[in-house]
Every structure is written in structure tokens, then in C-alpha cells.
Amino acid sequence: MGADTTMNRFLHIIALISLLAASASCGHLGSDVAPGEEHALAVVGSQVLTESALKADIPYGLSPDDSVKFVRAYVRQWIDARLVGEIASRNIGDMSHIDKMVEEYRNELMMWEYTRLMYAERPDMGIDRDSLRRYYENNREDYRATSPVVRGIFLKIPADDRRLPNIRKWIMSKNSDDLDRLEQASMDESVEYEYFRDEWMPWELAARKFPVDISGKLAAMPASGEHKVEIARDSMVYMLAVSEFLPVGGVMPFELVEDMIVEQFRSAHRPEYERSLRQQLYEKGVSDGLVKVNIDLGIPEVAQQDKNNK
């Protein structure tokens with residue numbers, strides 16, 4: 001996104017918020033704003049929604065009409081989210097049990113987030129690629145494609161390019177010299193080129209590179225996978241040379257599911273890791289004197305011994 005587009009969007013947002021705030025100024029909020037202060041777009045008790053807080057959450061790319069709808073919905077949701085709590089706090093005599101539940105929930109959220117961060121930083125738990133591949137070979141039927149994927153080369157070139165007849169040959173070739181020639185031709189600024197013969201791409205993503213719908217070409221894709229789709233439109237030629245094709249229901253190759261299998265292994269070990277982490281934190285807390293326990297919790301001898309030495 002260019003600087004001019006970003007600035008125009010920023011100015012648009014400021015104008016929009018100012019307009020809506022001005023229209024509300026004849027209501028409850030008032031229009032007098034001291035120099036350097038922000039408009040209070042909404043107030044619930046002691047909580048204030050400011051312009052800067054709203055600006056930070058407005059998505060990019062909204063039309064003026066959608067921006068107005070977003071701002072109004074955002075402010076209303078902000079009010080609703082705080083109004084119940086404000087009214088409830090005035091009508092519930094004893095809030096201590098609510099405060100206790102909030103604190104317990106906060107602690108659980110913090111433990112969950114801490115565990116997530118620690119687990120994400122772990123190495124791959126000694127999972128070697130051979131083990132992953134053996135698991136894949138024993139469970140191939142569990143990894144079938146739910147959407148088609150392809151490998152190949154995409155190229156977009158002016159229709160009057162004199163190299164076009166040769167490029168049609170090079171793009172389907174497996175000869176390294178032809179591929180070098182194709183890559184050399186793609187250096188031209190008028191040519192768009194993407195090589196993905198060594199990685200899989202969803203068919204839908206590859207199809208989006210064309211200016212027209214080519215979904216019908218999928219049915220004609222041969223089982224061998226080698227196929228070329230070519231479309232001429234608006235003085236440009238679009239070519240997709242498919243070297244490999246995996247249809248829906250086909251067994252996905254190992255390289256396509258390797259990360260998935262790693263995540264499955266990690267997820268299977270996560271409950272054990274969480275228990276271990278909680279125990280480690282507990283033992284460290286006891287050892288550092290942060291935790292003191294006056295009953296037998298059946299904790300490990302190391303932690304129990306540290307506690308008794310305090």
C-alpha cells in the first residue's frame with residue numbers, strides 16, 4: 001500500500017470520526033474539547049472510548065459506507081460490553097465472589113498463555129525425519145487431499161513477445177538448459193514468472209492468477225499431471241504448466257503433510273508437557289520460598305525436602 005493511499009485512508013477515518021462525533025455532540029457527550037484532548041466517542045461510567053482507540057481497530061479497505069457502519073457497530077458493541085458490568089456492579093451488593101472468579105480466571109489464562117509460549121519455543125522433541133516418514137507410511141490413508149493441489153510453473157507474457165513460441169516449449173520442458181532459458185526470459189519487466197515445481201500450491205490459488213475462471217480446466221487434468229493451461233486476454237498470454245497434479249481424495253505426499261504430522265506429535269505430547277511444566281514451576285516456587293505449603297500434597301521428594309528445609 002502506497003504512502004498516498006495510507007494517508008488518504010487516515011484522513012478519511014479522521015473526517016469520518018469527527019463527523020460522527022459532531023453529530024453526537026448535540027446529545028450526551030458535549031462538543032467542547034480542550035486543546036490536546038481527544039473526543040470522547042462514548043462513555044460508560046468511568047470508562048471512555050477515545051478516537052485513537054477506535055482508529056487502531058478500523059480495518060483497511062473499507063468503503064465510506066462500510067466505514068460508517070463499522071464505526072457505529074463498534075461503538076455500540078463497546079457500550080454493550082461495558083454496560084452490563086457497570087449496572088451489575090451497582091446492583092450486586094457483594095462483588096467479592098465475582099472478583100474471586102475473575103482473579104481465578106485471569107490466573108488460568110496467564111498459565112495457559114505461559115504454557116503456550118514455552119511449548120512453542122521447544123525444539124522438535126527429538127522427532128527425527130525418519131520417524132515422521134515411518135509414521136506417514138503406516139498411516140498414508142489418513143492423509144487424503146480435501147482440495148486439489150499442483151506443482152508447476154506460471155508465466156504471464158505479452159502476446160506480441162517474439163519469444164512466445166519458444167517459451168511454450170520451454171515451460172513444459174524438463175531440460176535444465178530450457179529452464180535456464182525460460183528463467184532468463186522472465187527477467188524482462190513485462191513478464192510475470194513463478195516457479196513452483198518443487199513445492200505444492202492449491203489449485204484455487206494457481207487459478208486466481210488467470211483473469212478468467214479456469215475451474216473447468218481441472219476436470220481435463222490428466223492423471224499423469226503434466227498439462228498446460230493457456231489463456232489469452234487483453235494483449236497478454238497466461239500459462240500454467242502443471243508438472244504434478246493431486247486430485248481430491250488422492251493420498252498427499254509426505255512433504256505436503258510433514259508439518260501436520262509434527263504438529264500431531266507435538267499435540268500428543270502437550271498434556272504431558274503441561275503437567276511437567278506446572279510441576280517444575282511448583283518445585284521452583286517451593287525452592288525459592290515463593291510457595292509455602294503446610295499440608296502433605298504428595299509432592300516429589302525434592303520439592304518436599306526443599307520445603308522442609310525452609
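Where is aspartate 234 found? Aspartate 234 sits in the loop between strand S5 (227–233) and strand S6 (236–246). The points below start with the whole chain and come back to that loop.

1. **Basis.** This is a predicted model, in which local features need pLDDT of at least 70, side-chain atom pairs count only at pLDDT 80 or more, and totals for chains, interfaces and linings use all residues. Residues are numbered from 1 along each chain as its sequence is written, and side-chain values use heavy atoms, with hydrogens and water left out.

2. **The chain overall.** The protein chain has 10 helices and six strands. Both are DSSP runs numbered from the N terminus: helices are H or I with at least four residues, strands are E with at least two. Of its 310 residues, 30% count as buried. Buried means under 20% relative accessible area, exposed over 50%, and partly exposed in between (1.4 Å probe, protein chains only). The chain exposes about 20400 Å², and carbon and sulfur atoms supply 51% of that. These areas come from the Shrake-Rupley method with a 1.4 Å probe; for residues, only the protein chains shown count as cover.

3. **Contacts.** Take the contacts in the protein chain with a separation of 6 or more: residues 24 or more positions apart account for 65% of them. Contact means heavy atoms within 4.5 Å.

4. **The core.** The largest nonpolar core has 17 residues, and Val150, Trp203, Phe210, Ile214 and Leu240 touch the most other members. Strand S3 (149–158), strand S4 (192–202), helix H8 (203–207), S5 and S6 each supply at least two residues of this core. S6 gives the largest share, five residues. Such a core is a set of buried Ala, Val, Leu, Ile, Met, Phe, Trp, Tyr and Cys residues joined through side-chain atoms within 4.5 Å. In soluble globular proteins, nonpolar side chains tend to be buried together. Leaving aside neighbours within four places in sequence, phenylalanine 210 is in contact with Phe154, Val229, Ile231, Tyr238, Met239 and Leu240.

5. **Valine 242.** This residue lies in strand S6. Valine 242 counts as buried because its relative accessible area is 2%. Its C-alpha atom is 6.4 Å from that of glycine 225, 17 residues apart along the chain. Beyond neighbours within four places in sequence, valine 242 is in contact with residues including Val150, Gly152, Met221 and His227.

6. **The cavity.** There is one cavity of 30 Å³ or more. A cavity is a set of points, on a 1 Å grid over the protein atoms alone, where a 1.4 Å probe fits but cannot get out; lining residues have an atom within 4 Å of a point. Grid points are joined across faces, edges and corners, and a volume is the space filled by probe spheres set on the points. The largest cavity holds about 60 Å³. Its lining is Met172, Lys174, Arg197, Glu226, Ala241, Val242 and Ser243. S6 supplies the largest share of that lining, three residues.

7. **Glutamate 86.** Glutamate 86 lies in helix H3 (residues 64–91). Its relative accessibility is 18%, so glutamate 86 counts as buried. Leaving aside neighbours within four places in sequence, glutamate 86 is in contact with Val44, Gly45 and Gln47.

8. **Back to the loop.** Most residues other than glycine have a negative phi. Aspartate 234 has a positive phi, near 50 degrees. Serine 235, in the loop between S5 and S6, has a positive phi of about 65 degrees. Aspartate 234 is exposed at 66% relative accessible area, and serine 235 is exposed at 59%.

How values were computed:
1 Å grid on protein atoms, 1.4 Å probe; cavity = no way out; pocket = protein on both sides within 12 Å on 5 of 7 lines; lining within 4 Å.
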